[in-house]
Amino acid sequence: MKFSNMLVTWLAALVATSAWALDILQVDWDNKELVSAREAKVDLLSTGNGFEGSGASELASTKLPVIGVLPSQLGAVFAAASSGFESAPKVSNNFRTSGLKLIAAALPNKLEYSISYQHIADGLDAFCVGKRTVNTARVPLPAEAAQMLAKSAEVENDDEVHAAHAQQSRYGLPYRCDVYCSDAKTYPYCKNNAYAVRMLEKAVLLTPGIRD
Amino acid sequence: VRSFVIIGACLVTTLAASAAKAQDTFCFHSPGKLNSRDTAQGYTDRTVFLPDMVFPLRVGSAGNNLHAHLNSQIFGYGGSHGLGGDLSDPRNFAGCWQDTFCEGMRNWPMPLCPLHVGHQGDDIRADGPDENKYEALAFNDGYVRLVTKNTTLVLAADDGTECRYLHMDPNSIPADIVGKRVKKGETVLGRVSNWMGGVHRGTSTHLHFDCSQTFDLGSGKSANLHIPLYTSLILAYASAWNYSGLSVQSNKLSTGSTFESP
């Protein structure tokens, strides 16, 4: 097959896949908390709350509610060594809650954003993501694989990557927090996803977003 | 003028010869066929999950005529379960590509792999064994979410796919790249190296590249799943070299290519 023919085939495949690759999830704009936050013009993305970088204005214009952990709460998240956190080290590590490089970014279509928590401690980073689009399976997943999917999404612990993930639905959309442990000292924070769950629990509505 | 014409003609001839030579030597084992020493089982489906990606390393006729090699770091020459020798053995930088998506000796839960554990992505050796020389490129338009001490770089593409680049030299990653927009095939994310666990030479010199997409599980639940990349990488590499002879039908890499070795 000529390269031009291959290209045509490829483009056709791309168009076909793009057509069914995305499900657009909708924000539950009538949610009471969201309504009152919109009326109160809640905006916690200011530098006064510890957010640095240039992403705050970008996030304020997203088409979905932005939730995240306030920098001042990060210590509370990672210092928790109570029930359910047995695998974590009992360290009062130097969790940085100031001077932390928090970076916010959003896609051009404003349907996804993430807030990066860089260098919470040495070898400990995280980010939280909100998105309105979800890819759907292009091939049917075997039933057994589907059952494993939730489990596989919780932790990754092997030589190359130690990470923990937690996800929940907020205002009708999936929100996810990922914790990355990249040093032997911090691996226990990714042994289970308790700390990632804790991030979700501590996440608050930072700005209600713009209804389109 | 005549000199310029002659030089131009030589250049074109050299480039064409280089591409032809590369086409002659490129081959890949079928999707899911693991290294012969690996007792695990691979994922043989040929679905092209990322048809619009570019190869995550600078390669091809527009990429300084650089090559890349997908194969096992563990079972290759100099690997921990390999045939002996050295990691820089030239045989690691030759031969037909091999899929490592479901490679054995890995403990990550992998729903699509027959043994339900695997590697998550594919390992890519660059043109040669040199560290901190070969550039990793953005596979698609998007932005960088995170760079860890372990030099794991997370790129979120505009189509919702999230890919990770591992083991690059920390000093090769632009310091202010987190949160920045990246351009498909243009933005340099770093250079291939040998960093793991925050330690230099904690692994071998290669790029671990894995990608995930969020799948709808129904009832308001969704989860991330690592998607098989082997066929997408083959097509992206072929595109970089302008190879002819590969095709996609019904979103799957067609069989019967002269490049494919059983």
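Reader: Is B:Cys96 buried, partly exposed or exposed?
Author: The relative accessibility of B:Cys96 is 21%. A residue is called buried under 20% relative accessible area, exposed over 50% and partly exposed in between, using a 1.4 Å probe and protein chains only. B:Cys96 therefore counts as partly exposed.

Reader: What kind of model is this?
Author: Residues are numbered from 1 along each chain as its sequence is written, chains are lettered from A and ligands numbered from 1 in the order in which they are written, and side-chain values use heavy atoms, with hydrogens and water left out. Local features need pLDDT of at least 70, side-chain atom pairs count only at pLDDT 80 or more, and totals for chains, interfaces and linings use all residues, since this is a predicted model.

Reader: Which residue does a disulfide join to B:Cys96?
Author: A disulfide is a covalent bond between the sulfur atoms of two cysteines. The rule used here asks for a pair of cysteine sulfur atoms within 2.5 Å. At an S to S distance of 1.9 Å, the partner of B:Cys96 is B:Cys27.

Reader: How many residues apart in sequence are the parts that B:Cys27 and B:Cys96 tie together?
Author: The torsion about the S-S bond of this pair is about -100°, so the disulfide is left-handed. B:Cys27 lies in the loop between α1 (2-25) and β1 of chain B, and B:Cys96 in the loop between β2 and β3 (108-109) of chain B. Helices (H or I, at least four residues) and strands (E, at least two) are DSSP runs, numbered from the N terminus. The parts tied together are therefore apart in sequence by 69 residues.

Reader: Is the link of B:Cys102 and B:Cys113 left-handed or right-handed?
Author: The sulfur atoms of B:Cys102 and B:Cys113 are 2.1 Å apart and form a disulfide. Both residues are buried. With -85° about the S-S bond, the link is left-handed.

Reader: In which strand does B:Cys211 lie?
Author: A disulfide joins B:Cys163 to B:Cys211, with an S to S distance of 2.0 Å. With 105° about the S-S bond, this link is right-handed. B:Cys163 lies in strand β9 (residues 162-166) of chain B, and 48 residues in sequence separate it from B:Cys211, which lies in strand β14 (residues 207-218) of chain B.

Reader: Which pattern do the disulfides of chain B follow?
Author: Over all chains, the rule gives 5 disulfides. In chain A, the bonded cysteines pair as 1-2, 3-4 in sequence order. Counting bonded cysteines along chain B, the pattern is 1-2, 3-4, 5-6.

Reader: With which residue does the side chain of B:Ser30 make a polar contact of 2.7 Å?
Author: B:Ser30 is found in the loop between β1 (28-29) and β2 (69-70) of chain B. A polar contact is a pair of N or O atoms within 3.5 Å; within protein, one must be able to donate a hydrogen and the other to accept it, and residues adjacent in sequence count only if both atoms are side-chain atoms. The partner side chain is that of B:Glu260.

Reader: How many salt bridges does the rule find across the interface of chain A and chain B?
Author: In contact (heavy atoms within 4.5 Å) are 59 residues of chain A and 70 residues of chain B. A salt bridge is a side-chain nitrogen of Lys or Arg within 4 Å of a carboxyl oxygen of Asp or Glu. One example joins A:Asp183 and B:Lys149 at 2.6 Å, N to O. Across the interface, the number of salt bridges is 6.
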